Amino acid sequence: MASRQQVQSLTEEAICPICIDFFTDPVILNCGHNFCRSCISQCWEKKEINSCPECREEFAERNFRINRALANLAEKTRRLTVNREGKESHLHCEKHQEELKLFCATDKKLICLICRDSQEHQSHNFVAIKEAVQLYREQLKSSLGSLTEKKWAVREKELTQKLNISEVREQSSSLQTHITSEFSKMHQILTEKEQRLLRDLREEEERILEQMEENLREIQENLNSIEEKLSKLQKQMKQKDELIFLREEARQKRRISEEKHKISTADFSLSVGRFRGPLQYTAWREMIAFINTAPASLTLDPNTANPWLILSEEQTSVSLGDKQQRVPDNPERFDIWGCVLASEGFASGRHYWEVEVGNKTCWGLGVARESADRKKRINRKPETGYWILWLEPGRGYFVGTSPSSTPFTPSVNPRKIGVFLDYEGGQVSFYNADNMSHLHTFTHTFTERIFPIFSPGSNDGGKNIAPLTICQINGHKQIQPNFAQRLPVSRQL
């Protein structure tokens, strides 16, 4: 006789994973999984894609084959289960030793007739065992169906998460390649500069040493000549014959007067200033010409400036004035928001610029597309054509996002902001230019010219009258703007 474990194992093989009941007219799919014909047909009617509910394999056509062997196994298992249930159904009450014939729905337990009439089960609801089995089988089937749906929902999330992980790894690999490439270019520039300086130093060393060796040979020849004359003089001093002494003395004086001994002591030295000067700064100045995305020298466009703003003579700084300027109300001018655009717009390439914010308590920086609205109160977010980072007095730092702005807190308050635009890469990034720490990045697909935008902000009760200044890269010197004196006026950023 089959054991309980054997019956359980056969039952699991004979159960349809969709209806959770014994197979009825079972069919097998191309992937090898089995289902009731009606179950798989109803499942496919609800979906546009023909796929296996078990392994999710997709099929071009709704093809399946009748599995007669599984149908016979399911029928035999059903009979075996019914027979075993029939034999095991005659269980007895442990308390009264009577046959268990009822199911107490209130206590969720099998009871005998004596239990039904006892005080313990008074006013309880009773159901026939077969009815209870059918009821709970339907509930179990519903629960299993719900869990099956949840299982596939979780599997879809699992697949999505795996795809996201793969994308992050691919993106990281791409960024690693980009970083390595960018630094390789700088390494190449520095290496070439180093090798060039070392070559020039060697050539100068050889040239100077050659001159110094030549000069040394001349000195040694002069020394030999002097020593020879000195020897002759010493011999003359030893001459005792007065006539011969006087005759040799006369000859010696004539030779000395005729000869001129030139002993050169020329000073030759290496160009220390060239090879021990500010080498790092010199290399940096040379790298600027070759580095892609070197700091851009921007100027402000007075035709876009809000009438309350004052630009420096060099058009590199902007501040809030104490009265409106008399300027034409041209279409490109901002009339409510106190800001100004740069004269330079970008429709390609990578660009970087820096802005001095110092101790200002209110300001706004970023980029704007050329067609962005400038004639009303502006909602600063990408949907309206603005990619902005700003500081509000007493509230902190924000970036313009949808549906509302997003606050953030930098590790240190920046005194200089760097803005990076990668047009083809669809990136606008902000940095604390003091230490180049990253603040925020927008991503977008640009389709028109993009302009840097600047807002000096409100005067914050006189605390924010300092100008907003573009850092001009001109021999690494920042051009200092000139401003006329002005009184603080309250204006909104």
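**Close-up views of aromatic contacts**

At 9% relative accessibility, Phe446 counts as buried, because the cut-off for buried is under 20% relative accessible area. The model shown in these views is predicted, and the structure contains twelve aromatic pairs.

**View A. Tyr423 and Phe446 form a tilted aromatic pair.** The ring centres of Tyr423 and Phe446 are 5.6 Å apart, with 35° between the planes. The two residues are 23 residues apart and link distant parts of the chain. Tyr423 lies in the loop between strand S15 (416-422) and strand S16 (427-432), and Phe446 lies in the loop between strand S17 (437-443) and strand S18 (450-455). Like Phe446, Tyr423 is buried, with a relative accessible area of 10%.

**View B. Tyr397 and Phe408 form a tilted pair.** The planes of the Tyr397 and Phe408 rings stand at 40° and their centres are 5.7 Å apart, so the pair counts as tilted. Tyr397 belongs to strand S13 (residues 396-399) and Phe408 to strand S14 (residues 406-408). These residues are eleven residues apart, and the pair links distant parts of the chain. Tyr397 and Phe408 are both buried.

**View C. Three aromatic residues form one cluster.** The members of the cluster are Trp44, Phe59 and Phe64.

**View D. Lys151 has its charged end over the ring of Trp152.** The distance from the charged end of Lys151 to the centre of the Trp152 ring is 5.0 Å.

**View E. Arg380 lies over the face of Trp390.** Arg380 is 4.1 Å from the ring centre of Trp390.

Technical notes:
Residues numbered from 1 in each chain as written. Predicted model: local features only at pLDDT ≥ 70, side-chain atom pairs only at ≥ 80, totals over all residues. Heavy atoms only, no water. Phe/Tyr/Trp six-rings, centres within 6.5 Å; stacked < 30°, edge-to-face > 60°. Helix = DSSP H or I, 4+ residues; strand = E, 2+ residues; numbered from the N terminus. Buried < 20%, exposed > 50% of the residue type's maximum accessible area, 1.4 Å probe, protein only. Lys NZ or Arg CZ within 6 Å of the ring centre and 35° of its normal.
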